[in-house]
Amino acid sequence: MFDPPAHAGGTDRITRDEEPQTEVYATYTMKLSFNGATTMKADLATDVQAAAAAGFDYLEIWAAKLRDFLKTHSVSDLKSLFDQNNLKPLSINSIEQITFRDAAAYAGIKAQCEELCSIAAAIGGPYVVVVPGKFPPGGLSSYEVIEETVSVLRELASIAERHNVALAFEFLGRKDCSVQTLELADEIIQKVNRRNIGLVIDSFHFYVGGSTIKMIDALDPKRLFIFHINDAEDLPLDQLTDAHRLLPGLGTLKLKEMIEALKRIGYDQVASVEIFRPEYWERDPFELAREAKAAVESVLLKS
């Protein structure tokens, strides 16, 4: 049975005597993670070293970098690399388009799940991130999306459970994605009703897909495994792409409101910096990781 990681921090509520219905938060801490997408052109060993040097607690492993690493190294080598740098793996990111696939492609999805969950277990990583598929031609009803996604997640959850690993389901705000909002993603997770299936909230996809703060307020924090934090340029929604992401605090996203909502529900796990900005990929990964750490700490401190 999947055993989730211990809470990373805590939320201590203090009630003012003179204002009995008003609560303030004395402390709010989340562990911090760096996502390998942020330094896409760096290799996995560099990601581990850069994240550790910057003082991050965790690294989310980009799956393509993992496969490149394993061409010349073993899984045991990877575990040693993390141990030597005093860093923990948070997730392997990700298995893409898990739903609405033909039989051959879906067999490949299940094989990926087996492979990545086995590696995650061997290195002590609690999560593998999974992403819903695109709408097939002709579109679908919400009922059809829910039925397909629940069925697939239950089957993949059984694979992951054999390895004592959990799957973190990440909805995407893109118009072609079958699951675009936190509300729909959470409805699916509740219907799956498996302890090793939970959610990823990505601040960029939360914004572009039209999710709302009320959707966070309605969430049981036990169902939220990872918070991907990033910012974005001030552009019309229909023009925003992943390439317009920015370090937290440098853009237009309402991160303060999101973090305050996460506080209210008691989420205290991990904030992971994930940015797909080609401009950043050309930078020194050690320098970028340091800036990312300072940026996320500043946003959390101000919220």
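**Entry 1: lysine 256 and its partner**

I began with lysine 256, which is partly exposed because its relative accessible area is 41%. For the accessibility classes I used under 20% relative accessible area for buried, over 50% for exposed and partly exposed in between, with a 1.4 Å probe and protein chains only. Lysine 256 forms a salt bridge with glutamate 260, with 2.5 Å between the closest N and O atoms. My rule for a salt bridge is a side-chain nitrogen of Lys or Arg within 4 Å of a carboxyl oxygen of Asp or Glu. Glutamate 260 is also partly exposed, since its relative accessibility is 27%. Lysine 256 and glutamate 260 are four residues apart in helix α9 (residues 255-265), so about one helical turn separates them. Helices (H or I, at least four residues) and strands (E, at least two) are DSSP runs, numbered from the N terminus.

**Entry 2: what the model is**

The model is predicted, so I noted its limits: local features need pLDDT of at least 70, side-chain atom pairs count only at pLDDT 80 or more, and totals for chains, interfaces and linings use all residues. Residues are numbered from 1 along each chain as its sequence is written, and side-chain values use heavy atoms, with hydrogens and water left out. I took pLDDT as the predictor's confidence in each residue, from 0 to 100. The protein chain has a mean pLDDT of 92, and 91% of its residues reach 70 or more. For residues 6-27 I found pLDDT below 50, and this stretch has 37 contacts in the model beyond near neighbours in sequence. A contact here is heavy atoms within 4.5 Å.

**Entry 3: other salt bridges**

I counted 22 salt bridges by this rule. One of them joins aspartate 202 and arginine 245, at 3.0 Å from N to O. Aspartate 202 counts as buried because its relative accessibility is 0%. Arginine 245 is buried as well, with a relative accessible area of 0%. I found both residues in a salt-bridge network made up of Lys134, Arg174, Asp176, Asp202, Asp242, Arg245 and Glu274.

I then looked at helix α11 (residues 285-302), where lysine 293 and glutamate 297 lie four residues apart, about one turn of the helix. Their salt bridge has its closest N and O atoms 2.7 Å apart. Lysine 293 counts as buried, because its relative accessibility is 13%. Glutamate 297 is partly exposed, with a relative accessible area of 38%.

**Entry 4: aspartate 231**

The side chain of aspartate 231 reaches the backbone nitrogen of glycine 249 at 2.9 Å. Aspartate 231 itself lies in strand β10 (residues 231-232). Leaving out residues up to four places away in sequence, its contacts include His244, Arg245, Pro248 and Thr252.

**Entry 5: lysine 65**

Lysine 65 lies in helix α2 (residues 63-69) and counts as buried, because its relative accessibility is 6%. Its side chain makes a polar contact with the side chain of aspartate 47 at 2.7 Å. I define a polar contact as a pair of N or O atoms within 3.5 Å; within protein, one must be able to donate a hydrogen and the other to accept it, and residues adjacent in sequence count only if both atoms are side-chain atoms. A polar atom of the lysine 65 side chain also lies 3.0 Å from the backbone oxygen of alanine 42.

**Entry 6: cysteines**

I found zero disulfides in the structure, a disulfide being a pair of cysteine sulfur atoms within 2.5 Å. The sulfur of cysteine 113 has its closest cysteine sulfur in cysteine 117, at 3.9 Å, which is too far for a bond. Cysteine 177 is in no disulfide, and the nearest cysteine sulfur, that of cysteine 113, is 18 Å away. Cysteine 177 counts as buried because its relative accessibility is 2%.
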